[in-house]
Amino acid sequence: MTPTPLAIKEEIIRLDSAMKLAGVAMTGGHAKTVIQNGEVAVNGEICTMRGKKLKKGDTFVFEGKGFVIQ
């Protein structure tokens, strides 16, 4: 799977915000729930921290859709 590029303007973005930006979470509450349920992988490992900070080059996968922060 080739991850979809996700451009950000800042140096870092929180995982829940990145999911909303990517369109895979409609609300912050939805993002929080799926992250805390262990449904999201960051850089190949399950992540349960919704406030996880992502920087350029980091990846996340949810429901088979992958994204790379740029």
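The legends below describe close-up views of a predicted model.

View 1. Five strands form an open sheet with mixed pairing, arranged in the order E1-E7-E6-E3-E4. Strand E1 (4-6) and E4 are the edge strands, each of them pairing on one side only. Helix H1 packs on this sheet, where it touches E1, strand E3 (40-42), E6 and E7. The direction of H1 makes about 65 degrees with that of E6.

**View 2. The antiparallel pair E6 and E7.** E6 and strand E7 (residues 65-69) run antiparallel and are joined by four bridges. Phe60 has Phe67, in E7, as its bridge partner. Phe67 is also among the residues touched by Asp58, which lies in the loop between strand E5 (53-55) and strand E6 (59-62).

**View 3. The buried face of helix H1.** Helix H1 spans residues 15-22, and its buried residues are Leu15, Asp16, Ala18 and Met19. Seen down the axis of H1, these buried residues fall within an arc of 160 degrees, so they line one face of the helix. An α-helix has 3.6 residues a turn, and therefore residues three or four places apart point the same way. Just after H1, Gly23 adopts a positive phi of about 85 degrees.

**View 4. The salt-bridge network of Arg14, Asp16 and Arg50.** Side chains of opposite charge can pair when their charged atoms come close. Here, Arg14, Asp16 and Arg50 are linked in a network of salt bridges. Arg14 forms a salt bridge with Asp16, with the closest N and O atoms 2.8 Å apart. The side chain of Asp16 also meets that of Arg50 in a salt bridge, at 3.3 Å from N to O. This second pair links distant parts of the chain: Asp16 belongs to helix H1, whereas Arg50 is in the loop between strand E4 (45-46) and E5, and the two are 34 residues apart. Asp16 has a relative accessibility of 6%, and therefore counts as buried. Arg14 is partly exposed, with a relative accessible area of 36%. Arg50, at 32% relative accessibility, likewise counts as partly exposed.

**View 5. The salt bridge between Asp58 and Lys55.** The model contains three salt bridges, one of which is formed by Asp58 with Lys55. The closest N and O atoms of this pair are 3.7 Å apart. Asp58 has a relative accessible area of 8%, which lies under the 20% limit, so this residue is buried. Lys55, by contrast, is partly exposed, its relative accessible area being 48%.

**View 6. The surroundings of Asp58.** Asp58 is placed in the loop between strands E5 and E6. Its side chain makes a polar contact with the side chain of Asn43, at 3.1 Å. When residues up to four places away in sequence are not counted, Asp58 touches Asn43, Lys53, Phe67, Val68 and Ile69.

Terms used. Residues are numbered from 1 along each chain as its sequence is written. This is a predicted model: local features need pLDDT of at least 70, side-chain atom pairs count only at pLDDT 80 or more; totals for chains, interfaces and linings use all residues. Side-chain values use heavy atoms; hydrogens and water are left out. A polar contact is a pair of N or O atoms within 3.5 Å; within protein, one must be able to donate a hydrogen and the other to accept it, and residues adjacent in sequence count only if both atoms are side-chain atoms. Contact means heavy atoms within 4.5 Å. Buried means under 20% relative accessible area, exposed over 50%, partly exposed in between (1.4 Å probe, protein chains only). The arc is that of the directions from the helix axis to the C-beta atoms. A salt bridge is a side-chain nitrogen of Lys or Arg within 4 Å of a carboxyl oxygen of Asp or Glu. Two strands pair if DSSP finds at least two bridges between them. Axes are lines fitted to C-alpha atoms, for helices over the stretch in contact, and angles run from 0 to 180 degrees between N-to-C directions.
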